[in-house]
Amino acid sequence: MLIELLSTSNYVSYNIKLAELLGLHSAIYLSEIMNINDKAIRKDKLHNSGILLDREYITKRTTLSVEEQLDLDTNLIKLGILERPDTNENCLVLHLNVLTTLMTSADE
């Protein structure tokens, strides 16, 4: 439909600095997680201080498969950017302070 072409909700942006530091897929994935996190905070829908991800929704928005998302989770958890507060692999906490520190650090 024409609305899908024109609607800004069908566009996603990512941070170039994050792409340089973590890779393009990580930057795109984190951009979507930040959007979801923002909406969850505004709607008071946090779960264990984190967000519950609909993996299929993220696939639609980013083209990243569920397997790719889980691999990205593993790497971003190792860096301390994400945390899994319980055993649910779809629940993640975004640590913006770690992300900010990483992006502003002079030592890449």
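Visitor: In which helix do R42 and D38 both lie?
Guide: In this predicted model, R42 forms a salt bridge with D38, with the closest N and O atoms 3.1 Å apart. The two residues are 4 places apart, about one turn of the helix. Both lie in helix α3.

Visitor: Is R42 buried or exposed?
Guide: Exposed means a relative accessible area over 50%. R42 has 60% relative accessibility, so R42 counts as exposed.

Visitor: Which residue forms a salt bridge with R61?
Guide: The pair links distant parts of the chain, 29 residues apart, with R61 in helix α4 and its partner in helix α3. The closest N and O atoms are 3.3 Å apart, and the partner is E32.

Visitor: Which residue forms a salt bridge with D73?
Guide: D73 lies in helix α5, and the partner sits in the loop between β2 and β3, so the pair ties together parts that are 11 residues apart in sequence. The closest N and O atoms are 3.3 Å apart, and the partner is R84.

Visitor: With which side chain does the side chain of R55 make a polar contact?
Guide: R55 lies in helix α4 and is buried, with a relative accessible area of 6%. Residues touching R55 include Y29, V66 and L92. The polar contact, at 2.9 Å, is with the side chain of N90.

Definitions and conventions
Residues numbered from 1 in each chain as written. Predicted model: local features only at pLDDT ≥ 70, side-chain atom pairs only at ≥ 80, totals over all residues. Heavy atoms only, no water. Buried < 20%, exposed > 50% of the residue type's maximum accessible area, 1.4 Å probe, protein only. Contact = heavy atoms within 4.5 Å. Polar contact = N/O pair within 3.5 Å; in protein donor to acceptor, adjacent residues only side chain to side chain. Salt bridge = Lys/Arg side-chain N within 4 Å of Asp/Glu carboxyl O.
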